[in-house]
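Here are my notes from a pass through this one, for whenever you have a moment. Have the viewer open while you read.

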Amino acid sequence: MVSDLDKGEAILETHLPLPRVAVGKVRDIYGVGTDKLLIVTTDRLSAFDVVLPNAIPMKGKVLNQITLFWLEYFKDVLPQHLITADMDAMGFSREMISHFRHELAGRSVLVKRAEPLAIECVVRGYITGSGWKDYLATGRVCGHKLSPGMKQCQQFPEPIFTPSTKAKTGHDINIDFGEAIRIVGKDIALQARDLSILLYKKGREYAASKGILIADTKFEFGMHGGKLMLIDEILTPDSSRFWPADRYEAGHDQPSFDKQIVRNYLETLSWDKRPPAPELPPDIIEKTTAAYCEIYKRLSGKEIRTPKQESL
Ligand SMILES: Nc1ncnc2c1ncn2[C@@H]1O[C@H](COP(=O)(O)OP(=O)(O)O)[C@@H](O)[C@H]1O
Ligand SMILES: [Mg+2]
């Protein structure tokens, strides 16, 4: 099956004639009426929390399509924010759509505007990243007391909920469940925790059948009509750590499917990891595009052609 991802132009920023509500590291967000948002996933890439100067062709489309894949997969589990991913059904004028088609096609969704919770709902199945650092320092992660002697990247017997604050700038801070309750209230915190663990478990089971280990992930929820709603991106390589299952081995850092190529390249430079980030060479960009496409192909089972293949 061939997907609706096609080559198109790489998009670093968008300029749609709509009120711009926010510009995230990866997404441009526009207001549509009072109760809807148009979210456009660009080809921006951040590494070490710094947005790089180059676009990664296809990346935004891949992230958007992966989120749409999971929305469909989880459609019976909980309410979702998606109204449509079909730009011709978003209610925009023909002129606008034809003029901005390249900024919208395959990478945009019209969603119900929610009030995002002020916590990030992180679930970890394996001990790595800031979880590993916290464990080494304190023996705990977000209040979970863990058994001594765990190895780096070891799997937990059961996934753990490790919420964090949602920093507007800079790094999020890990918090325990008690702090999450103080921020969003007990009812909502319990619901968000249980849903996050459920979604993670279901998602990782599916991904494992495709040779991808989802080590951890971050969900976002918002309030809409007094109910909790799943928003933002879902189980993408940007919101999660994807590891190749056949290369997994506890005891050391794992290769990642996607950003590792960029991170490894940046580590060869003397860059101090503060903005501005250096330019990426064409072969690194090409390999990163191929890695994102490979993840999409594995997850969705749909064939896609990278720009390199297109030009052959
Ligand atoms: N349905 C929604 N209602 C309100 N906000 C949303 C919704 N879906 C996603 N968002 C917000 O859109 C933003 C996505 O942009 P992104 O580039 O990923 O930002 P960030 O740099 O914060 O990761 C997030 O701040 C997220 O909370
Ligand atoms: Mg984000």
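1. Ground rules. This is a predicted model, so to speak only of what was computed: local features need pLDDT of at least 70, side-chain atom pairs count only at pLDDT 80 or more, and totals for chains, interfaces and linings use all residues. Residues are numbered from 1 along each chain as its sequence is written, chains are lettered from A and ligands numbered from 1 in the order in which they are written, and side-chain values use heavy atoms, with hydrogens and water left out.

2. Where the ligand sits. Ligand 1 lies between domain 1 (20–113 + 278–310) and domain 2 (115–247), because both give residues to its shell. The domain bounds come from an automatic or database domain assignment. There are 17 residues around ligand 1, and Lys25, Arg27, His81, Lys112 and Glu220 come nearest (a residue is near if one of its heavy atoms lies within 4 Å).

3. What lines the site. By class, the shell holds eight nonpolar, two polar and seven charged residues. Here Ala, Val, Leu, Ile, Met, Phe, Trp, Tyr, Cys and Pro count as nonpolar, Asp, Glu, Lys and Arg as charged, and the others, Gly among them, as polar. The strands β2 (27–32), β3 (36–41) and β7 (108–112) each supply at least two shell residues; strands are DSSP runs of E, at least two residues, and helices runs of H or I, at least four, numbered from the N terminus.

4. Polar atoms at the ligand. A polar backbone atom of Lys112 is 2.9 Å from a nitrogen atom of ligand 1. Asp232 also brings a backbone N or O atom to 3.3 Å from a ligand nitrogen, while Lys166 puts a polar side-chain atom 3.2 Å from a ligand oxygen.

5. Cysteines. How many disulfides are there? The count is zero, taking a disulfide as a pair of cysteine sulfur atoms within 2.5 Å. For both Cys121 and Cys153 the closest cysteine sulfur is in Cys142, at 11 Å from Cys121 and 17 Å from Cys153, too far for a bond. Cys121 is buried at 0% relative accessible area, and Cys153 is buried at 0% as well (buried means under 20%, exposed over 50%, partly exposed in between, with a 1.4 Å probe and protein chains only).

6. The Pro275 to Pro276 peptide bond is cis, with omega near 0 degrees, and Pro276 is found in the loop between α6 (260–267) and α7 (282–300). Lys273 lies in the loop between α6 and α7 and has a positive phi of about 65 degrees although it is not a glycine.

Conventions:
A polar contact is a pair of N or O atoms within 3.5 Å; within protein, one must be able to donate a hydrogen and the other to accept it, and residues adjacent in sequence count only if both atoms are side-chain atoms.
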